[in-house]
Amino acid sequence: MLKSYYNAEVIEAGLDEVGRGCLAGPVVAAAVILPKHYTHPILNDSKQLTRIQREMLRIDIKRDALAWAVAEVSHEDIDRINISKASFLAMHRAVDSLAVRPEHLLVDGNRFVPYPMIPHTCIVKGDAHFLSIAAASILAKTYRDELMEQLGQEFPDYGWARNVGYPTPIHREAIRKFGPTKYHRMSFRLI
């Protein structure tokens, strides 16, 4: 059972990102503030859920959250500033977009660039421990998967509807055969 909060005394936002290891497309982050004693029968780390479960949960999270936001950093910006900085920037943009200002950030992972005037706690595999981080992982993943499916219609040979830009054999073979697209991260080792 995932925990509903880290500190009961403050308004917490869970943060997570998706797409760090992809060869194409943006990195996407989400921030979610859930009610203090929130529970959900299947809310979990997005990687532990089916696509159908994630889509159902996306609706529930958006309905039940006190505030939520999704933000992205483009593949061009990833190439310009690097993927680590781009991931933190996406998380900061998500926090910037929240309708409710959090008093504490729960960040999935072991590193984070501090957000101005809001303390944070990094939690390794946080999406498997805290509901707000799990909710953020679901919103980020469903948003990015949908975006990559749309971009994949323009470039169907790369298999983005299935691999969402990750370096699968089909994706790498398409890069070998057709070259990179305008959505590829040129600073990454594509082949």
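Predicted model: local features only at pLDDT ≥ 70, side-chain atom pairs only at ≥ 80, totals over all residues.
A residue is called buried here when its relative accessible area is under 20%. A90 has a relative accessible area of 0%, so it counts as buried. The residue belongs to helix 3, which covers residues 83-96. Setting aside neighbours within four places in sequence, A90 is in contact with V27, A29, A71 and V73. A8 stands 82 residues away from A90 along the chain, and the two C-alpha atoms are separated by 26 Å.

Let me move to the annotated positions. Which residues does UniProt list under "binding site"? The record, an unreviewed entry, gives D16, E17 and D108. These residues are spread over 93 residues of sequence, yet they cluster in space, with a largest C-alpha distance of 8.0 Å. D16, E17 and D108 are also included in the lining of the largest pocket.

I shall take two of these positions in turn. D16 is placed in strand 1. Its relative accessibility is 4%, and D16 therefore counts as buried. Beyond residues up to four places away in sequence, D16 touches V28, A29, A30, D108, D127, I133, A136, S137 and A140. D108, for its part, is placed in strand 4, residues 104-108. D108 has a relative accessibility of 18% and so counts as buried, given that the cut-off is under 20%. Leaving aside neighbours within four places in sequence, D108 is in contact with L15, D16, I123, K125, G126, D127 and I133.

Most residues other than glycine have a negative phi. K125 is not a glycine, although its phi is positive, at about 55°. This residue is found in the loop between strand 5 and helix 4. Is K125 buried or exposed? Its relative accessible area is 59%, so K125 is exposed.

V164 also has a positive phi, of about 45°, and is not a glycine. V164 is found in the loop between helix 5 and helix 6. The relative accessible area of V164 is 8%, and the residue is therefore buried.

Helix 4 has 24 residues and reaches 35 Å from its first C-alpha to its last, close to the 34 Å expected at 1.5 Å a residue. Of its 24 residues, 18 are buried, and helix 4 is therefore largely enclosed by the rest of the structure. Helix 1, residues 51-64, has 14 residues and spans 20 Å between its first and last C-alpha, close to the expected 20 Å. Which residues of helix 1 are buried? They are R54, L57, R58, D60 and I61. The buried residues of helix 1 pack against strand 2 (27-33) and helix 4.

I come finally to the aromatic residues. The structure holds eight aromatic pairs. In one of them, the rings of Y6 and F130 have their centres 5.9 Å apart and their planes at 65°. Planes over 60 degrees apart count as edge-to-face, which is why this pair is described in that way. The pair links distant parts of the chain, 124 residues apart: Y6 lies in the segment before strand 1 (12-18), and F130 in the loop between strand 5 (120-123) and helix 4 (131-154). Y6 has a relative accessibility of 45% and so counts as partly exposed, whereas F130 is buried, with a relative accessible area of 6%.

Another pair is formed by W160 and Y183, with ring centres 6.3 Å apart and planes at 75°, so this pair too is edge-to-face. W160 is in helix 5 (residues 160-163) and Y183 in the segment after helix 6 (169-178), so to speak 23 residues apart, and the pair links distant parts of the chain. Both W160 and Y183 are buried. They take part in one aromatic cluster, made up of F155, Y158, W160, F178 and Y183.

One further ring remains to be mentioned. R185 lies over the face of F188, at 5.1 Å from the ring centre.

How values were computed
Residues numbered from 1 in each chain as written. Heavy atoms only, no water. Phe/Tyr/Trp six-rings, centres within 6.5 Å; stacked < 30°, edge-to-face > 60°. Helix = DSSP H or I, 4+ residues; strand = E, 2+ residues; numbered from the N terminus. Buried < 20%, exposed > 50% of the residue type's maximum accessible area, 1.4 Å probe, protein only. Lys NZ or Arg CZ within 6 Å of the ring centre and 35° of its normal. Expected span 1.5 Å × (residues − 1). Contact = heavy atoms within 4.5 Å. UniProt positions renumbered as here; feature names shortened; annotations may be inferred. 1 Å grid on protein atoms, 1.4 Å probe; cavity = no way out; pocket = protein on both sides within 12 Å on 5 of 7 lines; lining within 4 Å.
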